[in-house]
Amino acid sequence: MSAGCCGTKKQKTTNSSSSSCNGTDDGNGSSSSSNTHFAQGTSSSTGLHHHSHLTNGNARNGTVAHPEMGFYCFDVLYSHLHSSEPPKAPRFTNEEYPLFVTWAIGKDKRLRGCIGTFSAMNLHSGLREYAVTSAFKDSRFSPITADELSKLHVSVSILTNFEDAEDHMDWEVGTHGIRIEFHSDRGSRRTATYLPEVATEQGWDRIQTIDSLLRKGGFKGLVTHDVRRNIKLVRYRSEKVSVSWQDYWTHWKNNGKC
């Protein structure tokens with residue numbers, strides 16, 4: 001499943017037009033992106049690509065995320081923007097994990113694109129695909145240009161430890177990302193997600209996060225306790241690594257590549 005999920009501005013929980021790290025889809029394999037990180041779909045609040053199911057994605061060998069993953073995303077983006085040879089296969093693990101790639105720009109790291117998937121993918125092909133998709137296909141933004149390269153930052157989030165929650169309160173702010181499934185006012189099945197850092201960045205508690213995520217997912221009605229109680233929630237964790245263009249440039253110079 002592809003999805004989008006993150007944002008940099010403080011948000012009111014009633015504002016469904018901009019948020020951070022969230023994703024929604026219509027339950028039929030499509031997702032959309034909001035002013036956080038997501039992909040295309042039925043809601044303008046997310047950037048997820050929806051596949052058929054969530055994958056457990058448990059970390060098998062300790063820490064998975066590595067700065068090389070961010071460098072590789074820059075490699076991919078650079079070669080795409082300059083129509084040059086694609087980068088060689090990277091050296092980091094090629095195990096399968098759900099993942100997100102997020103592009104930000106400037107000193108304030110304004111969101112520039114964020115799309116990911118909840119389906120486990122080989123990391124080499126997954127990062128290659130989503131480095132491009134998040135840079136050029138996030139419907140909230142115009143495609144990234146070569147002129148922006150030197151101001152970019154990239155974050156790679158590797159998703160792990162998916163668990164069905166007991167209820168909508170069975171998760172911890174700052175520890176878990178959440179993906180909710182619910183029915184819209186018109187009865188259609190909807191899903192939406194926030195990566196683990198979103199609630200903390202926005203200063204939200206669990207109820208505020210759930211309410212914001214419902215809005216991101218397209219729920220237009222009054223959010224009541226019964227609405228929250230009927231949510232199906234999956235919690236997960238994320239390993240995140242971030243690098244800037246300057247980090248990337250220094251890395252390649254030190255390795256004799258530039």
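Trainee: What should the 15 residues of helix α1 (residues 67–81) span at 1.5 Å a residue, and how far apart are its end C-alpha atoms?

Mentor: Happy to, and keep in mind that this is a predicted model. At 1.5 Å a residue, α1 should span 21 Å, and its end C-alpha atoms are 21 Å apart, which agrees.

Now for its surroundings. In α1, 11 of the 15 residues are buried, so the rest of the structure largely encloses the helix. Those buried residues are E68, M69, G70, F71, Y72, C73, F74, D75, V76, L77 and S79. Their packing partners are the strands β5 (96–105), β7 (152–164) and β10 (232–244), along with the helices α2 (123–136) and α6 (245–254).

The axes of α1 and α6 lie 10 Å apart and the two helices pack at an angle of about 95°. That makes α1 roughly perpendicular to α6. On the α1 side, E68, F71, F74, D75 and Y78 take part, and they meet W245, D247, Y248, H251 and W252 of α6.

The side chain of K240 meets that of E197 in a salt bridge (3.2 Å, N to O). This pair links distant parts of the chain, with K240 in strand β10 and E197 in helix α3 (residues 196–202), 43 residues apart.

How values were computed:
Residues are numbered from 1 along each chain as its sequence is written. This is a predicted model: local features need pLDDT of at least 70, side-chain atom pairs count only at pLDDT 80 or more; totals for chains, interfaces and linings use all residues. Side-chain values use heavy atoms; hydrogens and water are left out. Helices (H or I, at least four residues) and strands (E, at least two) are DSSP runs, numbered from the N terminus. The expected span of a helix is 1.5 Å times one less than its number of residues. Buried means under 20% relative accessible area, exposed over 50%, partly exposed in between (1.4 Å probe, protein chains only). Contact means heavy atoms within 4.5 Å. Axes are lines fitted to C-alpha atoms, for helices over the stretch in contact, and angles run from 0 to 180 degrees between N-to-C directions. Angles under 35 degrees count as roughly parallel, over 145 as roughly antiparallel, 65 to 115 as roughly perpendicular and the rest as oblique. A salt bridge is a side-chain nitrogen of Lys or Arg within 4 Å of a carboxyl oxygen of Asp or Glu.
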